[in-house]
Amino acid sequence: MATGMSRRARWAGAIALAALVAGSLGCADSGATAAEPVVEVREDGTKVRYEKVKIRETTYKLEVADDPAKRLKGLSGRAAIPKTGGMIFVFKRPALQQFVMRDCLVDIDIIFVDRAGRITDLHAMKVEPPQGEDETDAQYERRLKRYSSRFPAQVVIELKGGTLAKLDPPLKRGDKLEVDVRRLGLTAK
């Protein structure tokens, strides 16, 4: 180091360098992933943003649902979910979340994640009978089973049904996921 630098300046430089190295090595305890979101253009011209999230040893490419319309639609109407695909629902602030299987054609596993990246709850959601012709929207909504986050969650991950049962070791409440909740929350509408 240059001898003309004060001890305070050298110390600040060393701390900054250590933080940079720790962050690049994944040692920082921020819960952040190294991957940035990916944007793809579908055949119909719509842009879809994906977030890569590592769970255990597998990296999942999750479609981002960060506005009310995308969050309401979710994975409903999908005939299949890729083995390493799914959706990540992003909210501006943590809140008690309740999800339902509205118009869903396949089973879905769900993971609720708090601001710190910890799992608040997880469920294996099963397909429900479709809305009957004699059933009003309100009646249909009332009969759908609610899956709760139990505690405030800011991010919700949906994966192909049966994925959680295959994880070894299994995920449990309190486990921390490599999800940059803070960055994602800034994109939510």
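Biologist: Does Pro82 count as buried or exposed, and why?

Modeller: Exposure is read from relative accessibility, and a residue is called exposed when that value is over 50%. Pro82 has 53% relative accessibility in this predicted model, and therefore it counts as exposed. Pro82 belongs to the loop between α2 (68-73) and β4, and its C-alpha is 9.9 Å from that of Leu62, a residue 20 places away in sequence.

Biologist: How many aromatic pairs does a search of the whole structure find, and how should I read their geometry?

Modeller: For each pair one reads the separation of the ring centres together with the angle between the planes, and an angle over 60 degrees is called edge-to-face. The search of the whole structure gives 2 aromatic pairs.

Biologist: Which residue forms an aromatic pair with Phe112?

Modeller: That partner is Phe99, and the pair is again edge-to-face, at 5.8 Å centre to centre and 80 degrees between the planes. Here too distant parts of the chain are linked, with Phe99 in strand β5 and Phe112 in strand β6 (residues 108-113), 13 residues apart. Phe112 is buried, as is Phe99, and the ring pairs join Phe89, Phe99 and Phe112 into a cluster.

Biologist: Which residue lies over the face of Tyr50?

Modeller: Over that face lies Lys61, at 4.6 Å from the ring centre.

Biologist: Which residues touch the most other members of the largest nonpolar core?

Modeller: The largest one holds 21 residues, of which Ile55, Ile88, Ile111, Ile157, Leu177 and Val179 touch the most other members. The elements that give two or more residues to this core are β2 (47-55), β3 (58-65), β4, β6, β9 (153-160) and α5 (181-187). Another core, of 16 residues, lies apart from it and includes Met87, Ile110, Met125 and Ala153.

Biologist: What does Ile157 touch, not counting residues up to four places away in sequence?

Modeller: With those neighbours left out, the contacts of Ile157 include Val53, Leu62, Asp109, Val113 and Leu177, and they also take in Met87 and Ile110.

Notes. Residues are numbered from 1 along each chain as its sequence is written. This is a predicted model: local features need pLDDT of at least 70, side-chain atom pairs count only at pLDDT 80 or more; totals for chains, interfaces and linings use all residues. Side-chain values use heavy atoms; hydrogens and water are left out. Rings of Phe, Tyr and Trp (its six-membered ring) pair if their centres lie within 6.5 Å; planes under 30 degrees apart count as stacked, over 60 as edge-to-face and the rest as tilted. Helices (H or I, at least four residues) and strands (E, at least two) are DSSP runs, numbered from the N terminus. Buried means under 20% relative accessible area, exposed over 50%, partly exposed in between (1.4 Å probe, protein chains only). A charge sits over a ring if NZ of Lys or CZ of Arg is within 6 Å of the ring centre and within 35 degrees of the ring normal. A nonpolar core is a set of buried Ala, Val, Leu, Ile, Met, Phe, Trp, Tyr and Cys residues joined through side-chain atoms within 4.5 Å. Contact means heavy atoms within 4.5 Å.
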